[in-house]
Amino acid sequence: MHNCNATKNYLIELAISQTDQNQFPPAEFLTCSTCREEFAALRNASRATKAAIHLAQPAETFWSGYHERLAERLARDSRHSNGWLPPTRPDLAGWLRRLASASIPVPVPVVAGLFVFFALSILLMMHSGQSSSAEPILTPPSVITKTIEVPVVHERLVTRVVYRRIPAPPPNLVSRARDGGKNCGVSAI
Amino acid sequence: MTENEAELIKRAQAADTDAFCELAGRYERRIYSLALHYSHDPQDAEDLSQEVWLKAYQAIGTFRGESGFYTWIRRITINCFLNRQRTSLFRLRKETGQLTDVQAASEQTAIPVFNVESALNNRILVANVMRALAQLTPRQRLIFLLKHHEGMTYEEIAAAVGCSTGTAKKAVARALWKLREQLDVEVPPAECVPCAAGEY
């Protein structure tokens, strides 16, 4: 289905591009009388503008004077600046000067947002400072677990087997041992 | 770029003012015409166009020939126009002296005076077109001129002016509607004959 609004931009483009030609837009647009009239009016406006631009050109006598004035201005400018100069290597001082005097365009909403952000953060900082000085907060005792190394004396059990030479018993004790101790009592009695 | 033009550019880059003047002579009418329809004041147009040539002369050493010389000059012209748009002096003159400037511009034109009536009609046409263009913002006017007068594509215009393609299209549409309104264009009956006859 044909929609006049949808073809509006196309008609403008067509009217500008067809200013010099006696062509008609595609049949699709010419089935609608509104579009047809719109196209014709736009094309005529475009043609009239082109004609007016052509007619508005200054007279030939103007150009010689214009060119002279331009040449004079160029000569004056070239005397001052000595024409085009190749770009010199930027030195550090010049670079720093440029950096110091450089400016960048920043949108107003961004500046406003930053300003509000800084103002709020300063206010918050001030508020937190005041509240901390007004009522000191008692912090509950905290238990800190810390592992420390303590030197411990280790006890060591050493089992040592000691062999002792036992001295030989006297001979009377040996005889007594042989008779089983029977004569011990008798002899003692 | 012709060989002669390349030679002239080379000489201009070596600070030869005469060579640069010869180059300027080739395109000065186009640049002046753009400036005249942008500023709709002959004095401003001359100032603007000469400023363009001065800037071009100062920057000719940076021209590397990657694009045509006219494309390069046009780029400088657009930048000059946009810079001038920002200055308040220019705007003030625009607001105060529009109509007299338009009349003065139409009186200084090359409109032939063989037929008094047609000359008068032409002057009225020029004045109406200039008045219609004056109703646009400088940016819209520049976009329209770049499209209509220079035949640039919307993409080229968007890149040169620093706007979106949609903005460029809207500006052209607005300008054309304004012109249509101002010129009070009537559709000649001959235009509709083929359509009415059912050829389309």
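Chain A averages 77, and 74% of its residues score at least 70. This is a predicted model, in which local features need pLDDT of at least 70, side-chain atom pairs count only at pLDDT 80 or more, and totals for chains, interfaces and linings use all residues. Residues are numbered from 1 along each chain as its sequence is written, while chains are lettered from A and ligands numbered from 1 in the order in which they are written.

**Chain A**

Select helix H6 (residues 108–134) of chain A: confidence in the chain is highest here, at a mean of 86. Now jump to helix H8 (residues 182–188) of chain A, where confidence is lowest, at 49. A contact here means two residues whose C-beta atoms, placed from the backbone, lie within 7 Å.

Switch to cartoon. Chain A shows eight helices and zero strands. Both are DSSP runs, numbered from the N terminus: helices are H or I with at least four residues, strands E with at least two. Of the 189 residues in chain A, 15% are buried. Buried means 20 or more other C-beta atoms within 10 Å of a residue's own, exposed means 12 or fewer, and partly exposed lies in between, with C-beta atoms placed from the backbone. Among chain A contacts between residues at least 6 apart in sequence, 69% join residues at least 24 apart.

**Across the chains**

Show helix H1 (residues 4–17) of chain A with helix H10 (residues 165–183) of chain B. They pack at about 75°, their axes 10 Å apart. That makes H1(A) roughly perpendicular to H10(B), a label for angles of 65 to 115 degrees; under 35 counts as roughly parallel, over 145 as roughly antiparallel and the rest as oblique. The axes are lines fitted to C-alpha atoms, for helices over the stretch in contact, and angles run from 0 to 180 degrees between N-to-C directions.

From H1(A), pick A:Asn9, A:Ile12 and A:Ala15; from H10(B), pick B:Lys169, B:Val172, B:Ala173 and B:Leu176, which they meet. The contact's residues divide into five nonpolar, one polar and one charged. Nonpolar covers Ala, Val, Leu, Ile, Met, Phe, Trp, Tyr, Cys and Pro; charged covers Asp, Glu, Lys and Arg; the others, Gly among them, are polar.

The model scores ipTM 0.71 and pTM 0.60.

**Chain B**

Chain B has 11 helices and zero strands, and 37% of its 200 residues are buried.

Go to the loop between helix H1 (3–13) and helix H2 (17–39) of chain B and select B:Ala15. B:Ala15 has a positive phi of about 65° although it is not a glycine. B:Ala15 counts as partly exposed, because it has 17 C-beta neighbours inside 10 Å.

Next, helix H3 (residues 42–59) of chain B. Its buried residues include B:Leu48, B:Val52, B:Trp53 and B:Tyr57.

Then helix H8 (residues 138–148) of chain B. Nine of its 11 residues are buried, so the helix is largely enclosed by the rest of the structure. Among them are B:Arg141, B:Phe144 and B:Lys147.

Finish with confidence again. Chain B averages a pLDDT of 78. Select residues 187–200 of chain B: the pLDDT is below 50, and the stretch has 17 contacts in the model beyond near neighbours in sequence.

Methods
pLDDT is the predictor's confidence in each residue, from 0 to 100.
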